[in-house]
Each structure stands twice: as structure tokens, then as C-alpha cells.
Amino acid sequence: KAEDFILDDSFARFVLNNQDPGEFWQTFISENPQLLQEVNKAKQLIILLNTSQKPPVDVNKYEELAKLQKEINKSSKSFQPGRRMLKYAAAILIFFSGICLFNLHEVFLYKEYSAIEKKLRIVLPDSSIINLRNGSILHVSRFYQQTGKSVKLHGEAFFKIRRNEHSKLVVQFATGKVTVLGTVFNIYTNPDTAVVSVKEGKVLFQSRKKHKCLLTEKMSASCTGNYEIQTSEFNLNNIGWSTGEFHFSNQNLMQILDLLETYYPVRFIAGDKYKDIKLSFHVSGLKLDSVLSLLQQLIPGIEFEKKGDKIIIN
């Protein structure tokens, strides 16, 4: 069926640039003439979706429906099969999710990655790496390298982007977007707030109201519900959940343990006798046992008891 071709990444590359794996698909089509009608439907829809304007992260369903109807009317004036194609698009969208008529771009333009209970490592087609924090969702353009690199983030992610002077990555989220050539940075986002922290390189942070801020190495900025961008001090601990690197300076032990839990798959349980202890130390990618040994050196008499994913501090 046409929807099978549409959701095949190699077929999409064939349609958009007519390069490898073009030879495979040309052979496949010539050997399967009975599928030519479905192939042509899929080709037209892929081209249409990639020439239409992509919506922002927050989509008004009724506006999107109006855009679809307008596109149908426009296509019917110059190319009659285009009208049938858009109706076909609506039909298969409904087939996929029940209300897919309102999720046209999300279904066909983006592949979803969801980190349900634990962190997820994603390798993009250009070898860039994204660490997706548990509870977060990332949508990656199905045509990532053909029509511009684009991802959409809901939650938090740590990016290691491979530099390419001719192709910028755009990360979209509810309150704005970040544009980058090649760098290492973290984005935390929810419907009302976004915090961008740059470890290496530089990024352009832009709010939905077009406020802009260029962030370079060891800079952070936030964008709140009023869409104004404010710079803030870079905090290495904010990205420790992904890097395993933490720097504590006269910090409360309870706060330290909370931060360590974001990287290590454990939960610390400590008694009140430790609530006033403050420590200063630096760790970078150590194994959990090494961190526990370090804490024993810093706090004489402290003991750890492991029970499953819990560590009880006595």
C-alpha cells in the first residue's frame, strides 16, 4: 500500500533526491508493475508534504484542517490527481490514529522516540547523538538529511551535534527553538519554560516571539511563559543526568544525592542525621561503587546497604 512506501525511509530518499538507493527502487518498480499506482500515490504525497509549510510544535487542529482543505482546493485547479491524493492522505491518516487528520505533519514528517522509564540514546543519520531523558519524547524528521535537519523535543535531551557548515540543525519546542551547526548542549523544556545550557560551541536560542540570544560555551539561558529570554549562570550539574559529571561546592548531602539519582539508576534513602552535612567534590563518569567509596572517605562512619535499586544510608 502507499502508506507502506511513505513510511519507508529509503523510499523517501529515492523520491526526494533520486539517488541511492534509487537503483533498488527503480528495479523494484519495474519488477512490480501492479504496484505502480500505489507507488505514484506515495511519491505525490511525499513531495506534497515536503513542500508544504511545517507547523510549529503547538498545533491548532482546526487551523491545520483549514490548511489541508485550502491545499486540496489549490491542487485541484492545476492538477486533478492532487485533489485525490490529499483526500487519500486524510483517509490513511485516519487509518493510523483515529484523529490523524489533525496530525498530518507529525505522522508523516516525524519519527517518534519515547523514553518511557529510562534514558534513550539516539544516533541520527549524520552520526550526531542525542541522549533523551526518561519521560521525554523526541520527533525526528523522516527526511532529516534531505530537506533540512529538524527535531521536536518534549522534555529534556542532551545533544552532541556533528558539525556541518552547510546544514544547520533546528530543535523545536513549545516556547521556541534552537539553531545549531555543531556543538554540545542540553535543553530542558515543558509547555511553559525552556532552559538551554551550552557545554561546547554555540547555539542560537529563539523564542516564539522572535526574541534571540546567541549562547556560547559555558552559557545558559531560559525562556518562560512570556517568551522573553534571560541568560543565567551555567551549572554543570544541570547536565550531569546525561554526562555523569558533577561539581559540588559546599553543597548539602541531600541535594547531592538527588542529583546523583538523575544519572545512576538508584534511589538513596538517608536518615535525618545526614541532612546538615555539606560536601565539596568533583566526579566525572565514575561507576556508582567508586562514588560510594568517595563518600565514605568524605564522611567517616557512613555505611551503605543495597536493596535492589535502593541504597539505604546508615
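Visitor: Is histidine 139 buried or exposed?

Guide: First, the ground rules: this is a predicted model, where local features need pLDDT of at least 70, side-chain atom pairs count only at pLDDT 80 or more, and totals for chains, interfaces and linings use all residues. Residues are numbered from 1 along each chain as its sequence is written, and side-chain values use heavy atoms, without hydrogens and water. Buried means under 20% relative accessible area, exposed over 50%, partly exposed in between (1.4 Å probe, protein chains only). Histidine 139 has a relative accessible area of 10%, so it is buried.

Visitor: Which side chain makes a polar contact with the side chain of histidine 139?

Guide: A polar contact is a pair of N or O atoms within 3.5 Å; within protein, one must be able to donate a hydrogen and the other to accept it, and residues adjacent in sequence count only if both atoms are side-chain atoms. Here the separation is 3.0 Å, and the partner is glutamate 112.

Visitor: Is histidine 166 buried or exposed?

Guide: The C-alpha atoms of histidine 166 and leucine 181 are separated by 8.4 Å, with the two residues 15 apart along the chain. The relative accessible area of histidine 166 is 78%, so this residue is exposed.

Visitor: Why do the buried residues of H10 line one face of the helix?

Guide: Helices (H or I, at least four residues) and strands (E, at least two) are DSSP runs, numbered from the N terminus. In H10, residues 288–298, the buried residues are Leu288, Val291, Leu292, Leu294 and Leu295. They line one face because, seen down the axis, they fall within an arc (taken from the directions from the helix axis to the C-beta atoms) of 155 degrees.
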